Amino acid sequence: MTRASVVGTGMTTFGVHESSLPELFARAALSAYDDAGVDPADIDAFYFGNAMGGQTENDTHLAPTLATEVGLAGVPAQRFEDACATSANAFKNAVQAVEAGIHDTILVGGVERCTPETGKGTGEMTRIFASASHRQYEQPTGLTFPGVFALLTKRHMHEYGTTEEQLAHVAVKNHGNGTHNPRAHFGSETTVEEVLDSPIVADPFHLMDCCPFSDGAAAVVVTSDDSAASFDGPVDVTGVGHATDLVPLGLKPTLHATQAARDAATQAYEQAGVTADEIDFAEVHDCFTGAEVLASEAIGFFEDGQGGPAAEAGRTALDGDRPINPSGGLKAKGHPIGATGVAQIVELTEQLRGEAGDRQLDDPQRGLAHNLGGDAGTTVISIMEART
């Protein structure tokens with residue numbers, strides 16, 4: 001059953017931007033207006049994600065500021081913060097608001113700047129990112145997010161024999177996909193050897209196993225099922241699951257399971273009335289190569305322990321039987337935290353419309369987005385379908 005529909009998308013390039021947060025977001029929002037064929041007067045509310053603007057740029061209370069920038073002053077405007085799952089959470093709430101009849105048409109988006117253009121280098125930005133870990137039990141140890149996902153992945157390697165070479169195949173695949181995406185932060189290919197020869201960041205992750213810090217923005221126009229028929233190219237939202245897991249890491253009974261993703265996927269599949277076998281492709285939160293392997297199993301694309309071999313065998317490639325991250329994912333497309341979740345919705349919409357250019361999959365009918373926050377403490381899963 002359709003819960004809501006996406007009728008317009010907009011997105012900046014992901015990479016390095018000098019523009020302020022409002023200026024950067026406006027580029028994505030105005031593109032979404034154009035794509036949907038709407039004016040600001042057609043928008044009833046604004047749901048927006050930004051995770052760290054207060055820490056990185058001393059810029060808070062951004063919802064009314066950005067609403068003003070994109071012609072929405074006066075409408076209800078709300079900022080969401082949920083670590084890396086920030087704008088997926090905004091999207092979930094917009095779908096629920098439309099479905100409940102609270103609003104008919106909502107602009108949903110996200111924006112973040114994470115590069116040295118903020119005035120903060122890699123070390124300081126890594127410290128800010130780590131504020132999403134447990135304040136009392138994890139931050140005093142110096143644990144960073146490369147370290148968090150290294151721990152999850154090392155346990156997976158111990159349980160199933162997943163190898164560094166299999167992880168490297170994830171990086172190679174996503175960099176290859178990124179060469180077909182003109183908005184990707186990284187548009188160059190790499191090899192398994194280059195990944196394995198790059199410096200160690202947190203064992204087992206080499207530098208090329210890690211996504212970049214990026215600047216960027218993404219936006220979509222969400223409307224009700226009834227209103228969507230009057231737009232060109234609506235794509236339907238049929239399921240949105242949202243779950244949390246125990247925090248800190250030490251409380252999780254099965255470290256590598258990413259249980260919140262499994263619970264959110266179950267919710268989304270039940271709402272959509274489908275199984276994982278009926279999903280044609282997925283955009284997953286590959287902040288590190290190991291995170292993509294864990295996600296591919298949590299959403300049911302592969303049995304536990306088979307995510308690594310599947311990546312090595314090419315099953316998740318554009319021409320594989322279970323394509324994952326055709327956009328290039330966080331690994332190559334980039335990761336401006338607050339924009340990442342909605343950027344996944346943009347990719348699903350473009351693929352399901354048949355508008356993804358050189359990375360277009362072969363007639364997909366149903367796609368899934370997996371957006372994870374913190375130390376796997378939050379996950380939002382969205383399922384979208386082409387309208388027939």
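Q: If contact means heavy atoms within 4.5 Å, which residues does Ala295 touch, not counting those up to four places away in sequence?
A: In this predicted model, Ala295 touches Val284 and His370 once residues up to four places away in sequence are set aside. Ala295 itself lies in helix H11, which runs over residues 289-298, and its C-alpha atom is separated by 16 Å from that of Lys252, 43 residues apart along the chain.

Q: Why does Ala295 count as buried?
A: The relative accessibility of Ala295 is 2%, and buried means under 20% relative accessible area, so Ala295 counts as buried.

Q: What makes H11 largely enclosed by the rest of the structure?
A: The count decides it, because 10 of the 10 residues of H11 are buried. They are Thr289, Gly290, Ala291, Glu292, Val293, Leu294, Ala295, Ser296, Glu297 and Ala298, and they pack against helices H6 (145-160) and H7 (164-178), strand S6 (205-206), H10, H12 and S10. Just after H11, Gly300 takes a positive phi of about 85°.

Q: Why are H4 and H14 called oblique to each other?
A: Helix H4 (residues 86-99) and helix H14 (residues 337-353) pack at an angle of about 55°, with their axes 5 Å apart. Angles under 35 degrees count as roughly parallel, over 145 as roughly antiparallel and 65 to 115 as roughly perpendicular, with the rest oblique; the two helices are therefore oblique to each other. The residues that make the contact are Thr86, Ser87, Ala88 and Phe91 on the H4 side, and Gly338, Ala339, Thr340, Gly341, Val342 and Ile345 on the H14 side. By class, five of these residues are nonpolar, five are polar and none is charged, where Gly is counted among the polar residues.

Q: What span does H10 have, and what is expected for it?
A: Helix H10 (residues 259-272) has 14 residues and reaches 20 Å between its first and last C-alpha, close to the expected 20 Å. Ala260, Ala261, Arg262, Ala264, Ala265, Ala268, Tyr269 and Ala272 are buried in H10, and what covers them includes strands S8 (235-244), S10 (366-373) and S11 (378-386) as well as H11.

Q: Why is Ala243 called buried?
A: Ala243, in strand S8, has a relative accessible area of 9%; buried means under 20%, and Ala243 is therefore buried. Leaving out residues up to four places away in sequence, Ala243 touches Ala260, Asp263, Ala264, Gln267, Gly377, Thr378 and Thr379. The C-alpha atoms of Ala243 and Asp263 are separated by 6.0 Å, although the two residues are 20 residues apart along the chain.

Q: Why does Thr258 count as buried, and what is its phi?
A: Thr258 has 6% relative accessibility and counts as buried, because the cut-off is under 20%. Its phi is positive, about 45°, although Thr258 is not a glycine.

Q: What makes Asn325 and Thr316 buried?
A: The relative accessible area is 0% for Asn325 and 4% for Thr316; since buried means under 20%, each of them is buried. Asn325 is placed in the loop between H12 and H13, where Thr316 is also found. Asn325 is not a glycine, yet has a positive phi of about 55°. Thr316 is in contact with Lys173, Glu292, Phe302, Ala310, Ala311, Arg322, Pro323 and Ile324, leaving aside neighbours within four places in sequence.

Methods. Residues are numbered from 1 along each chain as its sequence is written. This is a predicted model: local features need pLDDT of at least 70, side-chain atom pairs count only at pLDDT 80 or more; totals for chains, interfaces and linings use all residues. Side-chain values use heavy atoms; hydrogens and water are left out. Axes are lines fitted to C-alpha atoms, for helices over the stretch in contact, and angles run from 0 to 180 degrees between N-to-C directions. Helices (H or I, at least four residues) and strands (E, at least two) are DSSP runs, numbered from the N terminus. Contact means heavy atoms within 4.5 Å. Buried means under 20% relative accessible area, exposed over 50%, partly exposed in between (1.4 Å probe, protein chains only). The expected span of a helix is 1.5 Å times one less than its number of residues.
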